[in-house]
Every structure is written in C-alpha cells, then in structure tokens.
Amino acid sequence: MSLMLTALLALFTIGADSPATSTVPAFPATWHPLVQLPSVVDIAGPRRDGLLVISGGRRLYLFDRSTGTLLPFANGRGGYPPLPGDEPYLAISTNQPVAGAGCSFAPDDVFVIDQGPHRVWRIDGAGKASVFAEVSGVTTLSGITFDTTGRFGQRLLVMGPAHGLMVVAAIDCRGKVTDITRAAPAVEGGIAVAPSTFGAFAGDLLAPDELSGTIWAIKPNGNAVKVIASGLPNGQDLGVEGLGFAPPGFTGGGAAYFADRATPGNPHPGTGNLLAADATALRATGVRDGDLIVATEGGARTIAVRCSASCIVNNIGAGPDVAHGEGHVLLIANHPLPSPSPLPAGGEPKAAAQAQSLALRIALLALVAAAIIVIWSVVRRRRRMVR
C-alpha cells in the first residue's frame with residue numbers, strides 16, 4: 001500500500017515547473033565600438049538588402065555590415081521628420097500577415113515612436129514618411145517591437161506610461177490601435193517578444209525595468225509576470241535597458257549590436273558609438289540560439305537568460321564602463337536557420353499541454369484507484385474463504 005501511495009503522490013509532480021532562477025559562472029565578453037554616431041539610440045533590421053536601420057535621434061541611417069559604411073536614410077523631401085524626445089526607438093517589419101486584419105506589414109517598412117504627440121511614424125523602403133497611428137492616454141511612448149511569434153496576432157506593439165503604470169497597445173497593419181493593458185508595471189527601453197522556445201514565457205512581450213532590475217513578461221491577456229531579477233545594477237540611467245533574442249543560427253556566426261549614445265554630463269556619458277559583440281565570443285560565454293540577451297544602460301553590462309522549466313541567468317560581458325546603452329539589443333545570424341513554429345494568437349501557449357497533462361494524471365489516478373479497489377476486494381474475499 002505504501003508503494004501505491006508513493007505512486008499516487010508522484011503523479012502530481014510529473015511535469016511540474018520550477019520557478020527557481022539560478023546563476024552560472026561568468027565568462028565575460030566585451031562590447032567593442034563599431035561605428036561612431038554620437039546620437040545613436042537604436043538599431044533594427046536587417047532589411048531584405050542586408051542593411052541595418054539606425055536611429056540617430058533626429059535622423060535615420062542605413063548601416064552596411066559588410067563594409068562598415070553609414071549612409072543617411074529618409075532625409076529628403078517627405079522623409080523622416082526630426083522628432084521630439086531623446087529616444088525615438090524603432091522597429092522594422094518583415095512582411096508578416098496580421099491575424100484577422102486581412103493585410104500584411106510591408107517588408108522593410110520602419111516604424112518609429114514619436115515621443116511628443118504619441119504617434120507612430122511609418123517610413124517605407126524608399127524613405128517616405130507618414131503618420132501611421134496615434135496612441136491615446138499616454139504621456140509619451142517608450143518602447144516598440146514587432147510580434148513575429150504570433151500570440152499578439154503579428155501586430156506592432158508599443159508602450160508608454162500613464163498614471164504611474166504602463167499602457168501596452170497592439171497596432172495592426174491598417175493602423176488600428178488596440179489596448180493590451182493599461183496597468184503593466186513601469187518598464188521602458190528595447191522590448192522584445194519571446195520565441196516559442198522560451199519556456200513558460202514563449203510568445204510573451206518581455207520588457208525591462210531599469211529601476212528594479214526586473215525583466216517582466218506581458219501576456220496577450222494583459223497580465224504581467226516576473227521573468228527574472230537580473231542581478232545587475234539598477235536605477236535611473238543605470239539599470240536594464242535593452243533586450244534581444246539570439247536567432248536560430250546565431251551561434252554559427254553573426255554579431256550583436258547595441259547603441260551607446262553620447263550623453264554629456266551623465267555619470268555614464270557614453271562613447272557615441274554603435275557597439276558590437278561577435279557571436280563567436282558570445283558563444284564562448286555559453287550563449288545559445290534562443291537565449292535572451294539583456295544589457296544595462298550604464299556600462300552595457302550584459303547577461304544571457306535561458307528559460308525552459310526554469311530560467312538560468314549567465315553573466316556574459318560588459319561594454320566600456322562609460323557606456324550609455326539605449327534601445328534594443330539586435331542579434332543577427334550570418335546564415336539564419338528556420339524560425340521555430342509560430343504560436344496561436346492569444347491564450348497561453350502551454351495551456352493545452354497543461355490541460356492534457358492534468359487529464360492524463362487524472363486518468364492514471366483513476367486507473368490506480370480502480371486497481372487498488374480490485375486488489376483490496378480480492379484480498380477480502382480470500383480472507384473470508386480462509387475463515
């Protein structure tokens with residue numbers, strides 16, 4: 001009987017997730033200056049021609065990784081207008097169709113947040129700019145990214161503060177704005193959607209809180225869940241700032257990029273360069289495809305996060321101590337591999353598996369209970385026969 005009870009208890013632990021976060025030893029890599037641009041605040045891409053798009057504050061640029069050439073972009077008539085604010089972060093589309101909208105985002109279209117009137121600008125591949133959408137009820141806009149995993153319907157995601165909390169909104173390819181939540185934790189910076197391989201947070205919107213050092217996951221239903229406490233220095237202009245995921249094929253060769261804006265008078269005044277780290281060096285620290293890379297604003301201190309049943313944090317490097325990191329961490333594979341399968345829009349990616357697992361455990365419990373009853377009945381009959 002004791003063995004049967006042990007088996008019954010074990011059924012309830014099958015497949016249980018552990019929320020514990022552990023830290024593995026650090027093998028630091030280093031961010032290196034790649035190209036000088038004092039006003040650099042963000043980077044996105046690549047476009048279909050392989051060029052990266054850089055936000056230089058009041059101007060946009062194209063960057064050729066193969067030659068190191070920096071070219072002005074969208075600076076002619078009808079092009080990118082100088083926008084108010086110091087942090088006009090950007091995102092670039094990859095022709096993803098939007099669930100239920102009957103349209104797609106055009107490839108190579110660049111979307112930039114306007115921190116003044118809370119608008120999102122669209123700049124097409126030819127450099128022509130237009131207002132794409134306006135987000136109401138926020139004091140500014142402070143984050144932007146695309147959902148390429150599917151749980152947010154392949155829409156453009158933006159966020160901004162309101163009354164001490166964060167508004168997270170999704171924008172479809174027709175410019176329709178839909179609130180995901182108006183009560184997310186205070187976060188800002190380079191945000192990213194987790195791939196389908198990222199454990200319990202697959203398909204969630206991940207965002208950093210520099211004041212506490214926490215990385216949060218915002219789910220399609222608007223709920224916020226703590227992913228990790230980064231363990232990095234925290235505070236205004238100091239804590240976690242940029243996020244990015246290592247794409248399939250990254251550890252076979254590629255590079256990571258992070259903006260280091262010149263910020264005179266700041267404790268971390270920056271070098272005014274686009275920073276880079278080679279994939280080979282990052283792989284040597286333990287980085288693998290699918291890992292989340294997180295960098296701080298002060299000093300570009302960097303960790304890698306890997307989540308499955310639990311999350312593991314690995315301290316992997318830092319930039320120049322004076323670095324003033326901004327925007328996204330962009331990771332590019334030289335020879336990309338196919339992306340993981342997309343996730344269904346909305347809901348919880350593990351809900352079906354969890355329900356199936358629970359149903360299996362209940363069925364097994366019923367079988368074990370039935371077996372116990374049968375065995376006990378047989379034992380009782382034999383005892384009566386003996387008597």
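These are my notebook entries on what I looked up in this structure, which is a predicted model.

**Entry on the disulfides**

I began with the cysteines and found that the structure holds 2 disulfides. A disulfide is a covalent bond between the sulfur atoms of two cysteines. When I numbered the bonded cysteines of the protein in sequence order, I read the pairing as 1-2, 3-4.

I then took C103 and C173, which form a disulfide with their sulfur atoms 1.9 Å apart, and I noted that this link is right-handed, with 90° about the S-S bond. Looking up where the two cysteines lie, I placed C103 in the loop between β8 (90–92) and β9 (110–114) and C173 in the loop between β14 (165–171) and β15 (177–184), so the bond ties together parts that are 70 residues apart in sequence. I also checked their accessibility, and both C103 and C173 are buried.

Next I turned to C307 and C311, which form a disulfide whose sulfur atoms are 1.9 Å apart. The torsion about the S-S bond of C307 and C311 is about 110°, and therefore I wrote this disulfide down as right-handed. C307 counts as buried because its relative accessibility is 4%, and C311 is buried with a relative accessible area of 5%.

**Entry on the sheet beside C173**

Since C173 sits in the loop between β14 and β15, I looked up the sheet that holds these strands. I found 4 strands forming an open sheet in the order β12-β13-β14-β15, with antiparallel pairing. At the edges stand β12 (143–146) and β15, each with a single partner strand, so one side of each is left without a neighbour in the sheet. From one strand to the next, the twist averages 20°.

Strands of a sheet pair through backbone hydrogen bonds, either parallel or antiparallel. For β14 and β15, which run antiparallel, I noted that 5 bridges join them, and I recorded V177 in β15 as the bridge partner of I171.

**Entry on the aromatic rings**

How many aromatic pairs are there? The count comes to 7 aromatic pairs.

For another ring, that of F73, I noted that the charged end of R47 sits over it, 5.5 Å from the ring centre.

**Entry on N221**

Last, I looked up N221, which has its place in the loop between β18 (214–218) and β19 (224–229). Is N221 buried, partly exposed or exposed? With a relative accessibility of 47%, N221 counts as partly exposed, because exposed would require over 50%.

I noted two further details for this residue. A polar atom of the N221 side chain lies 2.9 Å from the backbone nitrogen of N223. The C-alpha atoms of N221 and G346 are separated by 7.1 Å, while the two residues are 125 residues apart along the chain.

Notes. Residues numbered from 1 in each chain as written. Predicted model: local features only at pLDDT ≥ 70, side-chain atom pairs only at ≥ 80, totals over all residues. Heavy atoms only, no water. Disulfide = S-S within 2.5 Å. Buried < 20%, exposed > 50% of the residue type's maximum accessible area, 1.4 Å probe, protein only. Polar contact = N/O pair within 3.5 Å; in protein donor to acceptor, adjacent residues only side chain to side chain. Phe/Tyr/Trp six-rings, centres within 6.5 Å; stacked < 30°, edge-to-face > 60°. Lys NZ or Arg CZ within 6 Å of the ring centre and 35° of its normal. Pairing = 2+ DSSP bridges. Axes fitted to C-alpha atoms, helices over the stretch in contact; angles between N-to-C directions.
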